[in-house]
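Good morning, and thank you for the time.

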Amino acid sequence: MKKHLMNPILPGFYPDPSICRVDDDFYMITSSFSLFPGVPIFHSTDLVNWEQIGHILERKSQLHVTADHMTAGIMAPTLRYSNGTYYMITTNVSDKWNFIVTAKDPRGPWSDPYWLEGCPGIDSSLFFDDDGKAYLTGTRQETKPDGTIAQGIWVSEMDLNQMCLVGEARTIWGGALKNCASPEAPHLYKKDGYYYLVIAEGGTEHFHAVTVARSQTIFNDFEGYAGNPILTHRHLGKHYPICNVGHADLVELKNGEWYAVILGSRLIEGYHKNLGRETFIAPVVWEEGWPVISPSTGKVEWSYPAPELPSSTEQMIPIRDDFEGDKLGMDWVFYGTPYENFYLLSDSKLTMKLLPRSISQEVRKIDLTATEVDKNVPTLGFLGRRQLHANFRMSTRMNFFALAENETAGLAIIQACNHQFRLERSMEDGKQILRLIQCTSEINGYPHQPNFQCTTTEIELAKTEVDGREMILSIAGEGQAHNFYYGTDEENLQLLYANADGRKLNPASVGGMVGTMLGMFASSNGKESKNSAEFEWFEYTETESSRNGSVVVHA
């Protein structure tokens, strides 16, 4: 049976894909923003099935991120290979910005960061030329002769032995549109005597696009393609089910075929992108010296015939995690670097200590001028995984007894830090209760902008008195309708609240930078506590829609 590439190839919050081929193997990475461990890495031999083989940034010495900002942390990594060494270059806007890590095996271990001096901007990328020289491309702002400030793509030679820039750093292109918004995500390729520069422009949301330019020398003004953009969905309107398309990285197969991995977002019941930016794929052909993405249609399709390649292993994440063993699965992540060791895997259960940091708190400003990074950041007691489907159900069996009114533990759906639903156990007037909290924020601007403001509001949607320590908690999402259940018998759970509005998780003010996380939390809300919550298992599954196809999303 003919295999097909089914989009998205990485569903859920996996943005800014970068891909490289080494012989018969393909490796791909994505941005991780404020998640720890950071930069998940995947392997495939057929471009159809992708298996996560690790995280590139998995040690505290490699990655400092906090749970304070929706736009912080690791942005737009690039993965490349040369002469037996793998290189990952990226930007950590929560630390000292641009750096490189290396490995001999893509499964790790990866080195600690080599921080790059004199390397401004975001989205740095590496290119290895035929003569063995290496080059770095990135973004930066420049003042033009008329006094206006514009962002452009610059290039510099790299000394990878000393891990530093050498020689001139020259701006080579400013994008296809005059004074275009956000020219970024630069990647260089060489083909038939030309250097091709593929970038993203228009911003990473609705007006996102892929554009291309070329030159016969690297340190020269690049010529933009007359047919730009070579990919965008902005002209398809806000009802087309795939939006935000852009940020492409190209890869050549052994047989000379080309493909592009691209970020995009699926819409759920209107112009809502709860799943965040995901990873898609499309074929590429070359016509008259220029790349054409998704030929004949010019847009990202739900599927394409797969290339003739050896079959790869399909990653199978168990529906239920019984927390066996002494190590978390690769699908589990934290918000922020967990500087405090607050969880334990033992006796087939996960125990989480109640940490003082509240699960929701005001999103703080980012000071981009700071020269020192404060790593004394309270750890957030949250352990989660990405929402992958529009229709889903997650459940857990929790053993917890609140000893004071500030103590809480349970299940949470979190989008952009301060947009969340929490199904939490606590104490009130000496009684054990279960309540549903809706948390939203009114946001003006982004945390790194001078005018940034954020006001958070919490509403108690439902509450009931409960008995005993052991309880099953369950949340079912169907499109934008979320239902919350509890009880002691998996087959006979009680409904606490129906049809909570999932659009609250992804209002327009949040944008599409991050995706929705699902998981368990434990907090003592500002006070020290010796209490803990135990979780015997966690279950996540895709569910069928019962609403006659009203969920506008495909997989």
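To what does the count of aromatic pairs come? In this predicted model, the count comes to 21 aromatic pairs.

Let me take Phe342 and Tyr343 as an example. Their ring centres are 6.0 Å apart and their planes stand at 70 degrees, over the 60 degrees required, so this pair is edge-to-face. As for accessibility, Phe342 has a relative value of 3% and therefore counts as buried, while Tyr343, at 25%, counts as partly exposed.

Another pair is formed by Phe421 and Phe484. Here the centres lie 5.7 Å apart with the planes at 65 degrees, so this pair, too, is edge-to-face.

Within β32, Phe421 is the bridge partner of Ile413. The two strands concerned, β31 (residues 408-415) and β32 (residues 419-428), run antiparallel and are joined by seven bridges. They form part of an open sheet of eight strands, paired antiparallel in the order β4-β26-β29-β38-β31-β32-β33-β34. At its edges are β4 (35-36) and β34 (453-465), each of which pairs on one side only.

I turn now to strand β17, residues 209-215. How many of its seven residues are buried? The number is seven of seven, and both faces are covered: Ala209, Thr211, Ala213 and Ser215 lie on one side, with Val210, Val212 and Arg214 on the other.

Which strands does β17 pair with? With β16 (residues 194-201), the pairing is antiparallel over seven bridges, and Val198 stands opposite Val212. With β19 (residues 231-232), there are two bridges, again antiparallel, and Thr232 is the partner of Ala209. With β18 (residues 223-224), two bridges join antiparallel strands, and Glu223 is the partner of Arg214.

Arg214 also brings us back to the aromatic residues. Its charged end sits over the ring of Tyr194, 4.0 Å from the ring centre. Tyr194 is in turn part of a cluster linked by ring pairs, together with Tyr196, Tyr225, Trp258, Trp286 and Trp290. A further charge over a ring is found at Lys238, whose charged end sits over Tyr271, 4.8 Å from the centre of that ring.

Terms used. Residues numbered from 1 in each chain as written. Predicted model: local features only at pLDDT ≥ 70, side-chain atom pairs only at ≥ 80, totals over all residues. Heavy atoms only, no water. Pairing = 2+ DSSP bridges. Helix = DSSP H or I, 4+ residues; strand = E, 2+ residues; numbered from the N terminus. Buried < 20%, exposed > 50% of the residue type's maximum accessible area, 1.4 Å probe, protein only. Phe/Tyr/Trp six-rings, centres within 6.5 Å; stacked < 30°, edge-to-face > 60°. Lys NZ or Arg CZ within 6 Å of the ring centre and 35° of its normal.
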